[in-house]
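Thank you all for coming; I would like to walk through one structure this morning, going from the sheet to the helices and then to some individual residues. Please have the sequence and the model open while I talk.

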Amino acid sequence: MCEWCYKHGAGKKWYLNSKNYLEETAEAVGAHEYIYELWKHFEKVYLQKIFGISTRGPGYKFSIPVVGRAIKWYINSWFTKEKPLKGRNPRRAEGHPGQVVPLEDAQHILELADPILKVNCACRHMTRGIEDPCCLAFGALAEMVPKLPRYIPEHGAERLHIDEAKDFVEKMNRGGRVNTVWFGPVPYIAALCSCEYPECAATRLRIDYGLNALYKGEYVAKVDFSKCTGCGTCASRCQFGALTFTDSMNRPFIDAWKCYGCGLCATTCPEGAIEMVDRTAVPAVKDEW
C-alpha cells in the first residue's frame with residue numbers, strides 16, 4: 001500500500017475508505033473553499049507549477065545542480081502537505097495529489113461517492129480549449145460546479161446514477177483513458193477523472209518532470225505468456241511507455257518500473273493474458289509510487 005493508504009485507508013486502500021467521502025470530512029479540511037479557489041484559478045495553479053517565478057520551465061530549473069533538486073523537493077512537498085488542515089494553499093494545489101486506479105477500483109469508488117456529477121475536464125479546457133465532460137465530481141466539488149460555469153457541459157452538468165457512472169468509466173477505459181482518483185484536499189476525495197497524456201496537467205507534470213502530482217497505482221501489470229497469442233491488441237494502450245511489443249518474440253514486454261498500474265493493457269487483452277498484481281508483491285517496485 002502507498003503512504004496514503006497507511007495514513008487514510010483505515011486498513012484499506014485510501015480511496016476505498018468511505019470516511020474520505022463524507023461531508024464531515026469535507027468540512028473538517030475546508031474542502032468547499034479549497035475546491036472553489038483551486039478550480040477557479042486552475043490555469044494559474046498549473047502555470048505556477050510549470051514556470052514558477054520565471055518563464056524558464058522546470059526542465060531547465062531541475063537541471064541546475066543542487067538548486068534544481070531543492071526546487072523539485074520544495075514543489076513536491078506541496079502535494080503531500082496535510083497541516084494545517086485548514087489554510088492549505090489551493091493555488092499551490094497543496095494536499096491535492098491523485099493516483100492512478102484500474103477500472104475495477106474506479107467502479108468501487110463510484111459505490112462510495114455521492115452525488116456523482118459529470119463535468120468538463122479542467123485540463124482539456126486549459127490545454128486545448130475544448131469542452132470534454134470526462135470527469136466525475138463528487139460531494140463538495142459537485143456542489144461548487146454551479147459557481148464555475150466553464151466546467152458545466154454544453155447540455156448542463158449531468159448527475160449520474162451509480163450504474164450510469166460505472167458504464168461511463170468503462171467507456172472511458174475502452175477509449176484509452178486512464179482512471180485517476182483525486183484528493184481535494186487530503187484526505188477528502190473529490191473526483192474521479194479519465195486522463196490522457198499530454199493533456200492531463202498532472203500526468204504531464206509526473207511523466208515530463210517527475211513531480212508527484214500523480215502517484216502510481218497500487219498494481220503492476222503482468223503478462224501470462226501461456227495465454228498470450230501475440231495479437232498485439234495491447235501494443236498501443238500504454239500512455240506511460242511501460243509496454244513494448246517485441247516483434248522477435250511476438251509478445252508484449254512490460255517494464256514494471258514504468259508501469260503505473262492503470263490496467264488499460266489488461267482490459268483490452270482478448271485472451272485475458274495480462275493481469276494486475278499488487279505492487280507490494282513485486283519486490284523491485286514495491287516502493288515505487
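How many bridges join strand β2 to β4, and do the two run parallel or antiparallel? Before I answer, please keep in mind that this is a predicted model. There are 2 bridges between β4 and strand β2, the latter being residues 116-119, and the two strands run antiparallel. Within that pairing, K118 is the residue that stands opposite E158 in β4.

This pair belongs to an open sheet of 7 strands, whose order is β4-β2-β3-β6-β5-β1-β7 and whose pairing is mixed. The edges of the sheet are formed by β4, at 158-159, and by β7, at 214-215, each of which pairs on one side only. Packed on the sheet is helix α10, residues 162-174, which touches β2, β3, β4, β5 and β6, and whose direction makes about 145° with that of β3.

The axis of α7, which covers residues 103-110, comes within 9 Å of the axis of α10, and the two cross at roughly 155°. Because of that angle, α7 counts as roughly antiparallel to α10, the cut-off for that description being over 145 degrees. The crossing in which α7 passes α10 is right-handed. On the α7 side, the residues that meet α10 are L103, Q107 and L110, and on the α10 side their counterparts are I162, A165, K166, V169, E170 and N173.

Next, two helices whose buried residues are worth looking at down the axis. In helix α3, residues 31-40, the buried residues are A31, H32, Y34, I35, L38 and W39. When one looks down the axis of α3, these buried residues fall within an arc of 160°, and therefore they line one face of the helix.

In helix α6, residues 67-79, the buried set consists of G68, I75, N76, W78 and F79. Because they cover an arc of only 140° around the axis, they lie on the same side of α6. On the other side of that helix, R69 and W73 are exposed.

Which residues does a cis peptide bond join here? Another joins Y197 and P198, with omega at about 10°, and P198 is found in the loop that runs between β6 and α11.

As for positive phi values in residues other than glycine, A10 has a phi near 50°. A10 sits in the loop between α1 and α2, and it is exposed, since its relative accessible area is 65%. The loop between α1 and α2 also holds N17, which is buried because its relative accessible area is 10%. Leaving aside residues up to four places away in sequence, N17 touches H8, G9, A10 and L112.

The other positive phi that I would point out is that of N250, near 55°, in the turn of a hairpin formed by β9 and β10 with 4 residues between them. These two strands, residues 243-246 and residues 251-254, run antiparallel and are joined by 4 bridges, and the bridge partner of F245 in β10 is P252. N250 counts as partly exposed because its relative accessibility is 33%.

Finally, is G139 buried or exposed? G139, which has its place in helix α9, counts as buried because its relative accessibility is 6%. Apart from residues up to four places away in sequence, G139 touches D114, P115 and Y188. Y260, by contrast, is 121 residues from G139 in sequence, and the two are 27 Å apart in space, C-alpha to C-alpha.

Definitions and conventions:
Residues numbered from 1 in each chain as written. Predicted model: local features only at pLDDT ≥ 70, side-chain atom pairs only at ≥ 80, totals over all residues. Heavy atoms only, no water. Pairing = 2+ DSSP bridges. Contact = heavy atoms within 4.5 Å. Axes fitted to C-alpha atoms, helices over the stretch in contact; angles between N-to-C directions. Buried < 20%, exposed > 50% of the residue type's maximum accessible area, 1.4 Å probe, protein only. Arc of directions from axis to C-beta. Parallel < 35°, antiparallel > 145°, perpendicular 65-115°, else oblique. Left-handed = near helix turned anticlockwise from the far one by under 90°.
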